[in-house]
Amino acid sequence: MAITNEYRTRSGAVALRSFKAKGRPSAIAGMGVYAPENIITNFDLEKMMDTSDKWITERTGIHKRHIAAPGTTTFEVATKAARAALDAAGITAADLDMILVGTSSPDGPFPSVACRVQNELGASGAVAWDTLAACTSFVYGLSIADAYIATERADTVLVIGAEVLSRMLNYTNRGTAVIFGDGAGAAVLRPAPTGGGFKSWCLGSDGRGYAQVTCGNIEKGAYAAKDATPFIDMVGPDVFKFAVDIFIRQANEVCNTAGVALEDIDLWVPHQANFRIIDAAARRIGLPLDRVAINIDEYGNTSSASIPLALEEAIRKGRVKSGDHVLLAGFGSGLTWGACLMTWV
Ligand code: ACO
């Protein structure tokens with residue numbers, strides 16, 4: 001199949017937009033992650049609702065998920081990943097010019113999670129804000145960081161994806177309760193050494209698909225009903241088709257834009273939403289699974305935390321070496337999508 005740069009929905013076609021990295025290149029200088037200790041397995045869920053380990057494993061690839069203790073805040077899990085990332089990059093909070101937190105589960109409408117992280121770290125010289133693009137938030141955050149470093153308006157940026165999604169799960173809805181988990185991942189971006197860093201980007205949104213993944217009563221506002229918990233809801237099969245399609249097209253886009261052949265991708269780090277989505281897209285992109293980072297079995301879908309959790313694990317396991325072409329790709333509610341290709345330093 002020839003891969004075009006257009007994907008089609010029931011509402012019509014959308015042309016993907018991609019661009020080459022310009023200006024001063026940026027690269028990931030260090031990463032850190034955090035996952036809550038408490039684990040809920042598929043067998044635990046069997047006792048809580050009408051589901052089975054067999055169904056969850058076969059339909060999603062998920063075996064367990066980390067679930068935060070009641071009362072845990074998103075800024076707490078974000079801060080733990082942030083501290084680990086600063087250590088890995090060999091910098092201190094005083095070096096930070098900017099803190100960007102991607103999250104689908106902020107602790108409230110305001111203050112931002114990023115400002116709470118800034119306060120915890122004591123990063124008083126940084127500007128801090130949240131980016132909300134659901135599961136695509138981490139890639140959107142990376143793109144902002146890259147743009148600021150490229151234009152020399154920042155030298156050191158901390159990008160975090162952090163979630164406590166479990167407090168937005170309705171444990172009587174087996175269609176969503178088995179899918180999601182909690183966790184956080186963080187990356188420090190700095191100017192790249194010669195030849196390395198981000199090469200190309202593909203970012204997009206299609207608001208016509210706003211109703212496909214939602215949280216709370218979106219027509220009246222999630223906070224319209226006093227004290228009502230906004231729960232995650234989605235049209236699973238529609239999102240599934242969108243996800244496979246957009247993964248394939250954005251891989252093609254960022255590779256074309258960077259002048260790198262699809263078969264020369266050394267590691268693809270996709271958003272971990274469903275093993276079957278990743279597998280179907282990898283086959284059509286032509287990538288063997290030993291060049292794909294997959295840890296959905298351990299974490300479930302952690303929304304904006306899933307890409308940094310999978311990338312950090314791949315780094316820790318020695319799967320990424322200098323000069324490798326690494327592709328990150330996300331999609332999520334909005335609808336939104338985002339991918340980037342980098343040369344690992
Ligand atoms: N256990 C047992 N049976 C279940 C469960 C469960 N946990 N959940 C659903 N079923 C049943 C359904 O009731 C249905 O039964 P029926 O045929 O008797 O009506 C059957 O299984 C099939 O249901 P589908 O929803 O069609 O199942 P599907 O194979 O599509 O899998 C899933 C559902 C896993 C949600 C899949 O559609 C998916 O992964 N979609 C993509 C979701 C996604 O990527 N979301 C990312 C965005 S998240 C964000 O942005 C925050």
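**Notebook: rings and sheet**

I began with tryptophan 129, which is partly exposed at a relative accessible area of 27%; buried means under 20%, exposed over 50% and partly exposed in between, with a 1.4 Å probe and protein chains only. I noted that this is a predicted model, in which local features need pLDDT of at least 70, side-chain atom pairs count only at pLDDT 80 or more, and totals for chains, interfaces and linings use all residues. Residues are numbered from 1 along each chain as its sequence is written, and side-chain values use heavy atoms, with hydrogens and water left out.

**Aromatic pairs**

I looked up the ring pairs and found six aromatic pairs in the structure. Rings of Phe, Tyr and Trp (its six-membered ring) pair if their centres lie within 6.5 Å; planes under 30 degrees apart count as stacked, over 60 as edge-to-face and the rest as tilted. The rings of tryptophan 129 and tyrosine 148 are edge-to-face, because their planes stand at 65°, with the centres 6.3 Å apart. This pair links distant parts of the chain, 19 residues apart: tryptophan 129 is in strand E8 (residues 127-131) and tyrosine 148 in helix H5 (residues 137-150). Helices (H or I, at least four residues) and strands (E, at least two) are DSSP runs, numbered from the N terminus. Tyrosine 148 is partly exposed, with 25% relative accessibility.

I then turned to phenylalanine 198 and tryptophan 201, whose ring centres are 4.9 Å apart and whose planes make 25°, so the pair is stacked. Both phenylalanine 198 and tryptophan 201 are buried. I also recorded a cluster linked by ring pairs, made up of Phe242, Phe247, Trp268, Phe331 and Trp337.

**Charges over rings**

I checked for a charge over a ring (NZ of Lys or CZ of Arg within 6 Å of the ring centre and within 35 degrees of the ring normal). Arginine 153 lies over the face of tyrosine 148, 4.4 Å from the ring centre. Arginine 116 lies over the face of phenylalanine 75, at 3.9 Å from the ring centre.

**The sheet**

I traced an open sheet of five strands, ordered E4-E10-E9-E7-E8, with mixed pairing; two strands pair if DSSP finds at least two bridges between them. Strand E4 (26-34) and E8 are the edge strands, each pairing on one side only. Strands E9 (residues 157-163) and E10 (residues 183-191) run antiparallel and are joined by seven bridges. Valine 159 has alanine 187 in E10 as its bridge partner.
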